[in-house]
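I opened this entry to go through the contacts between chains. My notes follow in the order in which I looked things up.

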Amino acid sequence: MSMEVVIYACQQAVPDPEALRALWSAGEVRLRVLPEPCSSKVEVFQLLRTLGAPVDLVWVIGCEEQLCRFNEGSHRAGGRMAHTKKYLQEIGLEPARVGRSLVTPGDESALAAIVSEISGRLKSLGPSPLRRAPNAGAQAAAT
Amino acid sequence: MPAKYHIHVRQVPPRFSPLAKSTIIDWAEGCLRCATCVKEQCPVDAYRKRGFDRSQFVDTIDEMCRDCYRCVQGCPRELIFKAANPQYRQMGDAYWTPEILATTWYQAETGKIPVSGAGYGGPFAGPGFDSFWTDMSEIVRPTRDGIHGREYISTSVDLGRKPMFLTFDSNGELTWPSPPLLELPLPIILAEPPFAASPGGMQDIIIQAAGNLETLAILSRNRLGPVPEETAARLMPSYTAGSLDLDDPLLSQLRTLEILDHPEVLEQIEAVKRRYPKLIVSLKVPADGKVVERVAELTAAGAEVIHIFASEQARGLGDSQDLHLKDLIRRCHLRLVEDRLRDTVTLLVSGGLALAEHVAKAIICGADAVIVDLPLLLALECRLCRSCAKGGKCPVEIETLTVKRGAQRVINLIGAWNNQLLEIMGAMGMREVRRLRGEVGRAMFIEDLEKEIFAPLFANREVETIKREPN
Amino acid sequence: MANPKKVIALPTTPQGQPWEPVHTPARFRNPLSKYRVYRSESKCIKCGKCVELCPYGVFTKAGKYLRKPKSYLCLGFECQKKPFYCVANCPAQALRVHQHPVYNTLGDCRWNGDLLLSTWWQAEWGNLPYTDVEYRTGGSGGGFDRLRFLFPPRRGGAKIDHRDISLGVDLNRRGDGRPQIRVGVPWYGGGMSFGSVSINTIISRVQAAKNFNTLVSTGEGGYPEELYPYDDHMVTQVATGLFGVREDTLQRVRMIEFKYAQGAKPGLGGHLLGDKVTPAVARMRESVTGSALFSPFPFHSVYSVEDHKKHIDWMKEINPRALISVKVSTPTDVDMVAVGSYYAGAHVVQLDGSYGGTGAAPDIAKKNIAMPIEYAIPKVHQFLKAEGIREEVTLVASGGIRSAFDVAKAIALGADLVQIGTADLVALECLRCHNCESGRGCARGIATTDPELVDLMTISYGAARISNLYYAWSWQLKEILGLLGLRSIRELVGRTDLLIHLDYFDKAVDDDVRERA
């Protein structure tokens, strides 16, 4: 079963999404990197529905909180992440399927560490249970 | 007068949420829960209707947003922002801009001419086709109402060799058979794009659209499957040098075909003509440094149709990369005028024709008709990620698009383009696209305007060297 | 329809008194801005030091409570060098100043974010912004945006006092016995029909025109009764659809404008979408509610220069005291068209360039058909001079005049005065989303006839905002003239020697007229 990872990446934190894609070596796992104006663009419902697509792991990369171009964006994204994890717990999906990293804008060495963290996390989690019952899962995540 | 040509456009909604230029950032947490929330006052009700496009992982609010900023400016805690959408900006490339993609999707969806208020928002001028303006007729010249159509404007063009004179025998009969001519009701020929997620499906879509539009479909002969008889008349198969087999049964069903230029091409045409005298042969010539000479040479040798092809960015090929297609067309056209052969041959051009105005402008520069390829792929919601060219997955799943739906989107796009051609010709007071060809006098080139108007005022002027005091 | 109650509290100037700016803030709660001042609620200790320090009024207090910072008043990054820079002085490090993320989404090439923000500023305060927001040019990369004034050094000759500088322009230069119209400023309002914009927008513009003793064209949409009190400041338009054109309305006004073509859609007819044809609009235009209205192109009764003259004679007959203006677009032979119009009897020839316009037009036409006004003005000006009739015709330029500097540049290129449209709308907080024609029309209540949306804007607000803008423009024009040593706007006409074009000039040039701190 082929797996898929979606990364929502703040464009200030990750100015070159192509470089992030290039770091990805797990060929059998599909990686999508979606540039966003700020990590706080991604709302809770979006994280949940992405998981329900289904996608096996969703990651958000934002800037260090004090460097956020929107001031409170990174901070708010953190709150959303916590909220999403709590919700996942309630519906019985591993909270670890969503994750978040904060970087100093333009720090490419940090990206390599993030990529290895993501692949490690994916390896330990395996495919999303929603892949076995996509409809039920999608409905649960869509609420 | 022939029956009025009409393209039947029909709304075909997109399958994927079109990416918007800017995006809404909504910080719902921290909300004061005002009695009348700005989100409820949204004039298009985007906050209520927003959904999630699960194939692209985007919030659909941005495609509905009309950029009024009332929510951004109204929220008492400033919890809503608009920001430029990086996903929009990264589409396409420097030539095939996100704006070109977005307007093409709109036209393929609606078949309508893009209309907007509040004047023009683009740059003063640009390279290539953006470096000249078309004329209009004022007050005293009779003009035409383009689309609303009280007066008929013909967009028909002919493909084939036109004799400079005719000779008759004593019975009044032509002494030699007139060469074959193919009339198309619009100066646009559809061609296979250089790449597509589903090349076979793309061919079927183009064939069907060409049939509906009564134009031709240029498809690579190598990739062409079996052809039913009724579609053969709409085909203009493209042959690479030396790949033409005279025993190919398809040849007897065709009206026209295209051969890539090569040193023995004239002999090959002769062989084709001997066996299939009704077949019109188009010669595909690269727009490189030798194109003007080659076009003149081939025309003098009796070529019927010449297809000049440029790069995807409307640039010349090889040693003429620095030249824009418009200049190469002008040079070829002018050379043929000087040789007094212009009217004998049909010039088709392709490469980088991306917007409706490029059709009119290429014709003004001297083409008889244009060949459109990439925009047909864009009409199918292509994001121009070129992932398919590298064997990757298509983000808008073009491989699952039905032929009917795809063809209608192509028809819509060409319908909108043809109406825009009518607008330009109507404004110029022209009745026929045949007469638009080479009419550079009805265009205003920036280099000429600068030379005639601004340079005498501002160039080489003795300006006193006055230094303003710092303040 | 207009609510007559709203007309009562109009800001107006007593006859002959010049307009003084009235502070008229944005209609929307959060004004858009280039910089954003952010105060962290969690770090702030409410000491009030920022309130004391900031001379621009960004920070205000209500009792103990600190209000949200007014970012649009902030000086921006330039403030970092100042002793009162709030970020450096905040004891709790609770403040940040940075570029507003929304700034990058504002505007387009012609009206970029800076030009929008500076125009809004002028409409609010009647003066120029003190920030680094550009107020003279947009970002189109050509035409007006590449032209600059070359001011002589300020040292030396004393600057001419603004009171000694005249901006007035006479419109009748034919000496044909018809009355003179002298407008107080070298611009007047271009046609925006009732239907395309709200009655509040129209009356706001007319009121501002009255305050500055100039005119506004009705556009092709009839002459609503609400305009009768302003007859002396109206130009009524006769366009190809003849919508709302009636003998009595032609007789009301001092100038009649013949619209042969318009720059935004040269050679094409007009189109009012069915959605905008409300009962009131339909009554005014004598048409059917909800049915789209097309204006044809061209006048189907004009096919020769003789027909053209006949038209003008007919108008002159109907209204013997009116001046006649002919509005044309900018084709290759625009110079011949202008001469023809003069010989047909026009007092005013208006050239409408291709990049302006307010109404809906096909994108292909706006971008591609007809030449930009910057080329057309000198072409026509020189041709009329060569023909020996330049002194007898009033040349109006329009289509892309966005700022006071555009006005001055157009005049220096050879126009007598200009006509403006979009700038008025921007003063009313149009942000050029280009969606004037979709659905219910303008979501900001400017170009719409939807009653709920029309109510977003009052006439007193609108008239004051446009008047403030006009005030700021007048000030800038006088400043430009003063710096050039000219006492009248008339002396600037055709003075291309005072301009340089950046394509042909390699020295640094700055024509900023502000007294910088």
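I took contact to mean heavy atoms within 4.5 Å. On that rule, the contact between chain B and chain C takes 73 residues from chain B and 97 residues from chain C.

Before going on, I noted the conventions. The model is predicted, so to speak of local features I need pLDDT of at least 70, and side-chain atom pairs count only at pLDDT 80 or more, while totals for chains, interfaces and linings use all residues. Residues are numbered from 1 along each chain as its sequence is written, chains are lettered from A and ligands numbered from 1 in the order in which they are written, and side-chain values use heavy atoms, with hydrogens and water left out.

**Chains B and C**

I looked up the buried area, which is the accessible area (1.4 Å probe) that two parts lose on being put together, summed over both. Chain B and chain C bury about 7,500 Å², and carbon and sulfur atoms give 60% of that area.

Next I searched for salt bridges (a side-chain nitrogen of Lys or Arg within 4 Å of a carboxyl oxygen of Asp or Glu). The interface of chain B and chain C has four. One I noted is Glu78(B) with Lys68(C), where the closest N and O atoms are 3.6 Å apart.

I then counted polar contacts, pairs of N or O atoms within 3.5 Å; within protein, one must be able to donate a hydrogen and the other to accept it, and residues adjacent in sequence count only if both atoms are side-chain atoms. Between chain B and chain C there are 36 residue pairs in polar contact, both at pLDDT 80 or more.

For elements I used DSSP runs numbered from the N terminus: helices (H or I, at least four residues) and strands (E, at least two). Elements that each supply at least two residues of the side of chain B that touches chain C include α3 (70-74), β4 (80-84), α13 (403-428) and α14 (446-458) of chain B. The largest share, eight residues, comes from α14(B). By class, this side has 37 nonpolar, 17 polar and 19 charged residues; Ala, Val, Leu, Ile, Met, Phe, Trp, Tyr, Cys and Pro count as nonpolar, Asp, Glu, Lys and Arg as charged, and the others, Gly among them, as polar.

I also checked strand pairing, which requires that DSSP finds at least two bridges between two strands. Two bridges join β5(B) to strand β16 (residues 361-362) of chain C, and the strands run antiparallel. Val115(B) has Pro362(C) as its bridge partner in β16(C).

**Chains A and B**

Here the contact takes 29 residues from chain A and 27 residues from chain B. The two chains bury about 2,200 Å² between them, 55% of it on carbon and sulfur atoms. On the chain A side, Lys41(A), Phe70(A) and Arg76(A) lose the most area to chain B, together 26% of what that side buries.

I found four salt bridges between chain A and chain B. Glu29(B) meets Arg80(A) at 2.9 Å, N to O. Glu43(A) meets Arg50(B) at 2.7 Å, N to O. In that pair, Glu43(A) sits in the loop between β2 and α2 of chain A, and Arg50(B) in the loop between α1 (46-49) and β2 (52-53) of chain B.

The polar-contact count between chain A and chain B is 13 residue pairs.
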